[in-house]
Structures are given as C-alpha cells and as structure tokens.
Amino acid sequence: MTERLPLRRPSRGRWVGGVCVGLAAHLGLPVVTVRLVMILLTPFGGAGVLLYVWFWVAVPAGDPAQVAAETRPAALSRLAPRLREPGRRVPLTDIGVGLLLLVAAGLLIAVRAGVEIDYSWVVPTLILVGGAGLAWSQLDAVERGRWLSRAGGRTPVSVLRLLGGIVLTGLGVLLLVGQDAPLEALARSAVAALAVLVGAALVLAPWWLRLVNELGDERAARARESERADIAAHLHDSVLQTLALIRARSDDPDAVSRYARAQERELRAWLYDDRTTPGTSLAAELKDVVAEVEDTRGAAIETVVVGDCVPDLATEALLQATREALINAVVHGRPPVSLYLEVAAERIEVFVRDRGEGFDLAEVPADRFGVRESIIGRVRRRGGTATVQNKPGRGTEVHLCVPTTEQEGEPR
Amino acid sequence: MTTDVDVVLVDDHLMFRAGVRASLDASVHVVGEADDVDAAITLVRALQPPVVVLDVHLPGGMGGGGAEVITACADLLSTTRFLALSVSDAAEDVVAVIRAGARGYVTKAITGPDLSDAVRRVAGGDAVFSPRLAGFVLDAFGTAAGDVATGDDELDRLSAREREVMRLIARGYSYREVATELFISIKTVETHVSAVLRKLQLSSRHELTRWAAARRLL
C-alpha cells in the first residue's frame, strides 16, 4: 500500500491515549519502537511526555482505516459499513486516573487540614495536570460520540466527567497559587476568580456562539455534499449504464423502449417513493407485478393506485389474477393498457383495461386455461368476483374484486 | 372545424419544448417559450395567451416552480388558463399547481393528439384530469361509502356522482367514454370534473392542506 493511513488515535490497543499506536500506524513502524522512543525522550527535559501530551490534544480519536475509507469518493466505497470491532467496555485507564486524582485531592485536603507532608506543591501540580487531562479526554469522548451516533454523545456521564475535570483543575490551580494562604483567603480569592471567569465568558460568548453556528453550517454543507455524491453515484450506476446500453442497441427499437421504460420506473421509485418494508404494502407489490409484466412484454401500463393495505392470502390471489389479466391485455389487447387498484374499507378492486377488440368469455375455448382458471377461478376461490366487460369500440375491461379480511378486534 | 388556440410553453428543457411543439396539432400555435420562472411571468404578462402549458418544476424565481408562475399571474386567471405538464409522480407537486390555480394536470407521457385535445379543453374553460390526478383526488377525498357530500356547497367531500366520474377517469376512460358509461352527456361530465377541480382548489380537507403545506403554499 503506497498511501499512508491518516493520523488518528485508535481505541484499540492503546495504553493511555492511543498516541503511540496511532503514530505507529501512520508511520508504518512497530508500536514497540514508537513507545520506546517516547520513553527514551522523556529524560531530556520531559520531551517525550510533552510530545505525547501535545499529540494527545492535537490528534482526534478514531480508527485510521475507517477514516481512510470514509474519505474515499462515495461512488467507490462500499454501501454497508464494516462491522465495528467492539471497543473496551470498561474504561480502565480513565477509572485508574480518576481514582489517582481522588486520592491526590484527598491527600491535599488532608495537608490543608493540618497533616504535614512536604510535597505541598508537587501534589497540586499533579492534580492540575490530571484534571486538565481528564477534561481534554472528555472533550474527545464527546467528539467520538458524535462520530458514532447522531445523537451527539451528550450523556449524563460525559457531562459529569467534564464537570469533575473542571472542578479538579480549578482546585489544583487555586492550591498551587495560594500555597501558604489560609483557607478563608483561598475561598475569597476563589469567588473573585469565578467572577472574572464569568465576565470573560460574557465577553467571549458571542464569539463562541458564532463559532458554533459556523460549525453547524459547515456540517450542513458537508451533508449536502455527501447527498450530492450519493445521487451522482446512483446516476452513474443506473442511468449512465442504461444510456450506454441504449446506444449500443439503438437499432432495436423494442429493446430501447424496454430499457428506457425500466430505467424510468427505477428512477421514479428512487426519487418519489418511500421505501416500504417487504410484505407491508399491497401497492408496492402491485408495482412489482407491473414492472415484471412491462419488462418481459415491453409494453407501458398506466397504473393508478388509491389506498393501500397489508397483503394477505386474498390479495395474493388478486395480484396473481391481475398479473394474468395484464399479460392478457398486453398480448391480445391494444395499448394503452390501464390498471386501477382501489383499496376500500370492505373490498379491494382491480380494473385492467385495454383498447383491443376484446373477447367473449363464452367463445373462449375450454382449453385456454388463461382467462378462465388463472384469472376468474383464482379470485372466486377467495370469495371474490371477476367479470370481463367487453364493448365494441371501447376495449376490454377485466374487473376483479375481493372482500377485505376482517381485522381482528376491529368491527367494521 | 376546431378553433385555433395560442399557447405559451414553459419548460426548462429545450429538447422537451421542441418535442411538444412538434407533436401539437396544426390548430395549436406556440406563440412563445420560456425556460424559467421569471421569464415565464414576464412572457405570460406580456402575451396574455389563452393557454399556458407549464412544467411543475422550473428553475429561478423563489424556487416555487410552476405554482409560483401561476400565483404571480393570479389576476389573469379569468382569461389565461394554465395546464400543468410534469414527469413528477409526487402528490404534493400535483396538488401544489392545482391549488395555485392550474386547470389541469397531465403527465409528460401523454401523446400529441391527447395534449392538443387537453389544450383546447382548458382553453374552453374545462378541467383536464389525467388518470393519475383522478387517483390523487380519490386518495385525498377518501373512498369510504359514508363519506359522500350531500349538498353542492360542501367542499370537503365528493358527491357520489363526482366520485363515479373520478373512478372512471382513473380507470383510463376518456370524457366521452365516461359519458357513455354513465348515460350522461359530455357536458355533464365536464361539469362534474370542473366541480371536483374547484373542490380540490378550495377544500380544507387535511390531506390537501398537508400536501399544500409541504410546499409552503399556506
């Protein structure tokens, strides 16, 4: 592979923040080497730790391979995302760090209360760093949550952790600055600091709001862009292919009109119809039947559907009879062929009409199984009626009607 | 025998306009063409033709498409009739142009002679319903047996006769065939269809208002 994976901090295989794993994946080096370099750099003025913290803050979390897949053009990528590897259930590192911080905070308060430990400025520093770390890691958990679900990752737990981090950081800063001051003075200065913070927040709020809005706009623009890519991919797969096919077969008018009709129907379904779950819509199943007849016989059928219902055994028979009637109309009748389905409370009706000369039912030979058995017999066995109307100069119309099955517990 | 009719053709596809012009009868004269909302409004106001054939989806203007053109020319509706011509199957598109004031709706699959016929019918003040529009009407007004209008002034329900006419049109019957089937005159069929069109435009049935609201027409 010539292309480098983007720099991300994966959640798999991490020890602390996933920086080393991510770097290793990005640079194509073994993880052990990267970790060793980090540790070896640490004695030189803490360069290793500083570098680590800087990467932790600057590099977003995520699976490098997945990010690489997402940045590829939509037309080239798989439609279904790969199954995500289950992440760690219990955030062991976070819990460990949290406990450590709690112990440190306890220690500190004990020192304040009078217990003599001479580490009075090392401990606050530790707490400060730890608290800031927790808050930062929280920020990126929020971001991760946004990637995973559209809900936004604002769980009570994440808010709690963010607050905890902020409180700890504040505590650390206070204790570090006012090392020798009495508790009372400390409390007073805390209030003063809080007031300053609120003032600063008031000043910065409009700027921050604008930033948030811009972020929202950008996200909307990205959504539009991805929709456009989606449409382009669809057009590429369907319409352009069909056009190429039509050009190749331009000497065969039947094939051309069949391709055009099939493509039109597919595009229409894609643009205007809500996708229905299979087995829940009689209208959708009827459209499938019409599509099949149009494709195999190369004729256009004007379809109008009023109402819809959940298919059952009776509508199954009705659909099969409709299919036979449509084939009959396309093969023996004359276009245009019209199909009308109406679902009412007590019955479901189908009309299939063509403009041909028609046929007299009495004159249909007994061996012509088509009309007699597959249309009329089928519907009658389900308690329905089937009639063929045939008027000179006005075409033939097959009328099929089945009663709807009673809904349980719903008297009609 | 047939009277000549002038039409303005509004569609954003040059090829489609050329196709329509070629397929229309000799008695239907295309006096002007426009390809977006603003040009259409200007042209219709300047020419004031008896019939405007327009697509539902048009670029320009405020994005309202054909319905926006009709709304902008609302004061001309007594002399200029609009016939919507669209590939769209979406109910809200159809309902939007009809409620804006169009006198009919036909799909682009219509044949040349049928379209010429529809233009003349609209010019004569009648309504033109395609089977699909009739299907929408039945869907919106309901097909339940008890849901029948009792008076002429009732806007939210169809009368039994109007529903019969709509069902026949949805089944692919022409006006003439509907008249023969129901043993009434073509004029009576036209009256019924016009009444249905009026109800479609004025009714406050919630299915219709929902469709209209989807296009921000209310």
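**Close-up views of the predicted model**

View 1. Arg188(A) and Glu184(A) are both exposed. In this predicted model, their side chains form a salt bridge with an N to O distance of 3.3 Å. Both residues belong to helix α8 of chain A, where they stand 4 residues apart, about one turn of the helix. In general, an α-helix has 3.6 residues a turn, so residues three or four places apart point the same way.

View 2. Trp207(A) is partly exposed, with a relative accessibility of 48%.

**View 3. A salt bridge between two helices of chain A.** The side chains of Glu292(A) and Arg323(A) meet at 2.8 Å, N to O. Glu292(A) is in helix α10 and Arg323(A) in helix α11, so the pair ties together parts that are 31 residues apart in sequence. Glu292(A) is partly exposed at 33% relative accessible area, and Arg323(A) is partly exposed at 26%.

**View 4. A parallel strand pair in chain B.** Strands β1 (residues 5-10) and β2 (residues 28-34) of chain B run parallel and are joined by 6 bridges. Between β1(B) and β2(B) the chain passes through helix α1 (residues 14-23), in a right-handed β-α-β crossover.

**View 5. Helix α6 of chain B.** In this helix (residues 131-141), 9 of the 11 residues are buried, among them Phe136(B) and Phe141(B). Just after the helix, Gly142(B) adopts a positive phi of about 85°.

How values were computed:
Residues are numbered from 1 along each chain as its sequence is written. Chains are lettered from A and ligands numbered from 1 in the order in which they are written. This is a predicted model: local features need pLDDT of at least 70, side-chain atom pairs count only at pLDDT 80 or more; totals for chains, interfaces and linings use all residues. Side-chain values use heavy atoms; hydrogens and water are left out. Buried means under 20% relative accessible area, exposed over 50%, partly exposed in between (1.4 Å probe, protein chains only). Two strands pair if DSSP finds at least two bridges between them. A crossover is right-handed if, with the strands pointing away from the viewer, the path from the first strand over the helix to the second runs clockwise. A salt bridge is a side-chain nitrogen of Lys or Arg within 4 Å of a carboxyl oxygen of Asp or Glu.
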